[in-house]
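Reader: I'm new to looking at protein models. Could you walk me through one?

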Amino acid sequence: MLNPLRKIHGVYTGALGKETTFDVTYLPSENKQPVLIFCHGFKGFKDWGGFNYVAEQFALAGIIVFKINFSHNGTRIEDKENFSDLESFSKNTLGMEMDDIAAAETYITEYL
């Protein structure tokens, strides 16, 4: 059976104007669907462990999943799965992560 889910990858501008990555997992539908902003934990990234599986399960239940990397989580756009941006991570704060979530909300309302 073919996987009915779709996934879009992109970049949004987070805290302090720093670009970072997101992906959207969804089940195509003509109906309006709720949107969930999926945020990884401290010292994490959006594609770690079972996060993609969790996003797929929400999407199969009819929820659009907007999964973000925080802008100062220590990963880079070109290297999303490695902790390679130590300088950025050293400046990370909870306030920056809240700014990232607000930026994700803005991106969703403008582009989805």
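Predicted model: local features only at pLDDT ≥ 70, side-chain atom pairs only at ≥ 80, totals over all residues.

Reader: How do strands hold together in a sheet, and what is the strand order here?

Author: Strands of a sheet pair through backbone hydrogen bonds, either parallel or antiparallel. Here you've got an open sheet of four strands in the order β1-β2-β4-β3, with mixed pairing. The edge strands are β1 (6–13) and β3, each of which pairs on one side only. On average, neighbouring strands are turned by 25° against each other, ignoring direction.

Reader: How many bridges join β1 to β2?

Author: Eight, and these two strands run antiparallel. For a spot to look at, find R6, which stands opposite Y26 in β2.

Reader: Now the helix. Which residues of α1 are buried?

Author: First the general idea: an α-helix has 3.6 residues a turn, so residues three or four places apart point the same way. In α1 (residues 51–60), the buried ones are F51, A55 and A59. Looking down the axis of α1, they fall within an arc of 75°, so they line one face of the helix.

Reader: What do those buried residues pack against?

Author: They pack against β2 (19–26), β3 (35–39) and β4 (64–68). The helix as a whole touches β1 too, and its direction makes about 155° with that of β4. After α1 comes G62, with a positive phi near 90°.

Reader: And the loop: is K43 buried or exposed?

Author: K43 sits in the loop between β3 and α1. Exposed means over 50% relative accessible area, and K43 has 64%, so it's exposed.

Notes: Residues numbered from 1 in each chain as written. Heavy atoms only, no water. Buried < 20%, exposed > 50% of the residue type's maximum accessible area, 1.4 Å probe, protein only. Arc of directions from axis to C-beta. Contact = heavy atoms within 4.5 Å. Pairing = 2+ DSSP bridges. Axes fitted to C-alpha atoms, helices over the stretch in contact; angles between N-to-C directions.
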